[in-house]
Amino acid sequence: IKKEYGIKPLTDVKLIRIKWGKKMITKFNHVAIAVTDLKSASDLYQNILGAQVSDICNYPNHGVSVVFVKLSNTKIELIQPFGKNSPIENFIQKNQNGGIHHICLEVKDIYKTRDKLLKNGVRILGDKEPKVGAHDKPVLFLHPKDFNGTLIELEQE
Ligand code: CO
């Protein structure tokens, strides 16, 4: 059954020693969930899950409106397209009930990280130059096909 789905059995994988000293990513920053109705998504987290939520913040430059769900160890960002040509418009078209759009991980040095990733053949979206993200820190996005179908945002600490 596993073969039908193209899943590689773990017994075929050689055990590799983890080298903890080589870490590039350091912290989990946020998970972003794309939604079609930001107000009701915000109400859901606030009223049903009892979470602390921010007001709706519009980021015209990034093409998204965001509600930050504050947790003691991390945050969830509820994102809805803002204006025309939003970068999440396609995702919403394909996922009309919404869905997890990306995760954000922190790195110490975004330029060093970028160069190392490119050397390893990882595809970086756009022109490969870090852009100032919604937290006023430089960010990059890595191609989901290179990371198990997950869009990863890297943000400088
Ligand atoms: Co993000």
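Leaving aside its neighbours within four places in sequence, which residues is Ala 51 in contact with? In this predicted model, the contacts of Ala 51 are Tyr 45, Gln 46 and Val 69.

Ala 51, Tyr 45 and Val 69 all belong to the largest nonpolar core, a group of 12 residues. Other members include Val 31, Ile 33, Leu 38, Val 53 and Ile 76. Which elements supply at least two residues each? They are β1 (25-34), α1 (38-48), β4 (64-70) and β5 (75-81). The largest share comes from α1, with three residues.

There is also a second, separate core of 10 residues, and among them are Leu 105, Ile 110, Val 122 and Leu 142. As background, nonpolar side chains in soluble globular proteins tend to be buried together.

Now let us turn to strand β9, which spans residues 152-156. Why is β9 largely enclosed by the rest of the structure? Because four of its five residues are buried.

| Strand paired with β9 | Residues | Sense | Bridges |
|---|---|---|---|
| β6 | residues 99-107 | parallel | five bridges |
| β8 | residues 138-142 | antiparallel | four bridges |

Cys 104 has Glu 153 in β9 as its bridge partner, while Leu 140 stands opposite Leu 154 in β9.

How values were computed:
Residues are numbered from 1 along each chain as its sequence is written. This is a predicted model: local features need pLDDT of at least 70, side-chain atom pairs count only at pLDDT 80 or more; totals for chains, interfaces and linings use all residues. Side-chain values use heavy atoms; hydrogens and water are left out. A nonpolar core is a set of buried Ala, Val, Leu, Ile, Met, Phe, Trp, Tyr and Cys residues joined through side-chain atoms within 4.5 Å. Buried means under 20% relative accessible area, exposed over 50%, partly exposed in between (1.4 Å probe, protein chains only). Contact means heavy atoms within 4.5 Å. Two strands pair if DSSP finds at least two bridges between them.
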